[in-house]
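Please look over the sequence and the structure below before reading the notes. The briefing is meant for a reader who has not seen this chain before.

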Amino acid sequence: MQGSGSESSAVDRLKVVGKHMAGPNTNCCSGHGPGYKTPMDAYLNGKREEIVYLPCIYRNTPHDKKPDYLATVDVNPNSPSYSKVIHRLPMPYVGDELHHTGWNACSSCFNDPSKSRSKLIMPSLKSDRVYVIDTSSEPRSPKIHHIVEPSEVHRVTGLSTPHTSHCLANGKIMISCLGDPNGNARGGFVLIDGENFNVVGNWEETAASMGYDFWYQPKHNVMISTEWGVPRALLQGFDPADCAKGRYGRSLNVWDWTNRTLSQRIDLGPDGMIPLEIRFMHDPKATEGFVGCALSSTIFRFFRTEEGTWDAEKVIAIPPKKVEGWALPVMPGLITDILLSLDDRFLYFSNWLHGDIRQYDVTDRRHPKLVGQVWLGGSCCKDSTVRVQQDEELQEQPDPLFFNGKRVEGGPQMIQLSLDGKRLYVSTSLYSGWDKQFYPDLVKKGSVMMQIDVNTDTGGLKLNRNFFVDFGLEPEGAVLAHEIRYPGGDCSSDIWLDE
């Protein structure tokens with residue numbers, strides 16, 4: 001039986017606003033741990049972001065002999081250094097391929113005053129190294145606190161290709177992995193001690209066939225993880241033939257949180273190829289969420305059934321474009337990142353190839369409504385070599401995007417939303433190997449970071465022309481900036497537990 005879409009209706013949300021109206025809460029309030037007591041507390045009373053952190057990657061660029069680094073960007077419009085990189089922290093090794101990041105502690109530790117959100121966890125896709133960055137001593141000038149070497153990860157867990165990092169309420173850090181040290185697919189999870197940052201071991205009792213992202217919710221004794229593909233295949237670039245050979249995933253893996261065992265596998269079928277980012281609703285009482293399937297360009301809603309098992313249904317599908325002058329005769333949107341606003345009202349996602357970001361009202365979970373859209377580059381702009389032959393949505397190809405005379409290369413990729421839901425930040429690099437394949441000018445000229453103004457009343461997206469970070473102008477050469485994190489936590493790193 002289908003799950004109900006009325007669990008977190010607009011009326012219900014309005015009722016809880018008063019309940020959650022507390023005094024302003026900072027990153028770590030007196031008597032409490034990090035973050036905010038509830039998602040609505042963060043949404044209503046959260047501090048505005050002033051700086052953000054982005055990993056910057058040199059692998060597969062003309063400057064690949066230089067190490068990746070962590071960039072700090074000023075996003076305070078009242079600051080003289082607004083929209084500028086104010087600090088760069090280089091890593092001591094070359095070729096790491098920094099990618100996604102997480103925190104040593106988040107709102108899941110809110111009830112533990114001994115915990116603080118003080119360290120940024122940075123796994124490396126290519127080297128398997130994990131960096132622990134001190135962001136609390138000098139937030140605008142972070143520094144390396146600890147390095148977990150690949151040999152330790154391999155020896156203790158038998159895993160490699162670390163991706164998503166989440167903190168746990170018990171103080172440990174969990175990182176999902178895509179494979180084993182030989183590049184074979186293996187979906188497992190590395191546990192790291194949150195105090196000394198030693199590798200503790202594996203979280204899982206038995207591994208899944210593939211791995212990528214994950215989200216846990218102890219209230220419902222569940223964790224759900226997604227699947228990208230076989231590391232030795234995807235790290236070299238995308239070959240469509242690998243999909244037919246089963247080297248890319250299409251399933252959701254449902255885990256028993258208490259027993260740490262794989263309890264269910266949901267095959268999404270051909271409409272769910274390469275499920276990447278997964279997001280539970282922020283409300284810990286909700287038993288549903290959304291996952292973006294990149295290659296199929298679909299959004300699935302996952303939910304708990306009345307029988308207590310889990311299921312999924314397709315709720316959004318982006319029509320492909322029939323094209324000439326591209327790698328394939330059909331161009332998918334390629335949904336690469338998704339977000340939910342903290343009030344669980346809006347869903348956002350990026351179509352990296354088509355070049356747009358979309359905003360959906362998901363008050364009715366089963367029937368999302370498109371309420372905002374903005375075009376930020378992509379593969380089918382009017383000045384490209386691609387010619388669109390058939391398009392179910394657009395009458396003509398979109399215009400290219402220029403900022404201060406610079407053409408934005410690539411398409412919108414990683415996105416991050418402000419706590420109040422009014423500002424959406426976006427970067428344009430997906431993964432250096434795929435950047436090089438699909439957007440060769442991107443790896444030569446560098447990625448960019450932009451900011452979108454969001455209408456949180458009726459919906460709507462508008463590009464902020466006052467904010468633009470050109471990573472093609474970096475002192476050591478053009479670089480690929482990836483995921484965006486706020487020091488005080490954000491929509492995709494904080495997980496709330498039941499009160």
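This is a predicted model: local features need pLDDT of at least 70, side-chain atom pairs count only at pLDDT 80 or more; totals for chains, interfaces and linings use all residues.

Residues are numbered from 1 along each chain as its sequence is written, and side-chain values use heavy atoms, with hydrogens and water left out.

**Whole chain**

- The chain holds 7 helices and 33 strands; helices (H or I, at least four residues) and strands (E, at least two) are DSSP runs, numbered from the N terminus.
- A compact globule of 499 residues would have a radius of gyration near 23 Å, and the 21 Å of the chain agrees with that. The radius is taken over C-alpha atoms, and the globule rule is 2.2 Å times the number of residues to the power 0.38.
- The C-alpha trace spans about 55 × 50 × 50 Å along its principal axes.
- Of the 499 residues, 63% are buried. Buried means under 20% relative accessible area, exposed means over 50%, and partly exposed is in between (1.4 Å probe, protein chains only).
- Among contacts in the chain with a separation of 6 or more, 59% are between residues 24 or more positions apart; contact means heavy atoms within 4.5 Å.
- The chain exposes about 17900 Å², of which carbon and sulfur atoms supply 48%. Accessible areas come from the Shrake-Rupley method with a 1.4 Å probe, and for residues, only the protein chains shown count as cover.

**Helix α3**

- In helix α3 (residues 150-157), the buried residues are Pro150, Glu152, Val153 and Thr157. They lie on the same side of α3 because they cover an arc of only 165° around the axis, the arc being that of the directions from the helix axis to the C-beta atoms.
- Ser151 and Arg155 are exposed on the other side of α3.
- The packing partners of the buried α3 residues are β7 (143-148), β10 (185-192) and β11 (199-202).
- After α3 comes glycine 158, with a positive phi near 70°.

**Two asparagines with positive phi**

- Most residues other than glycine have a negative phi.
- Asparagine 60, in the loop between β1 (51-57) and β2 (69-74), has a positive phi near 70°.
- Asparagine 221, in the loop between β12 (214-217) and β13 (222-225), has a positive phi near 50°. Its relative accessibility is 28%, so asparagine 221 counts as partly exposed.

**Other single residues**

- Lysine 37 sits in the loop between α1 (10-20) and α2 (39-45) and is partly exposed, at 48% relative accessibility. Its C-alpha atom is separated by 9.4 Å from that of cysteine 109, and the two residues are 72 residues apart along the chain.
- Glutamine 413 belongs to the loop between β28 (406-407) and β29 (415-417) and is buried, at 1% relative accessibility.
- Valine 443, part of helix α7 (residues 440-445), is buried at 5% relative accessibility. Leaving aside neighbours within four places in sequence, valine 443 is in contact with residues including Asn60, Thr61, Pro62 and Leu480.
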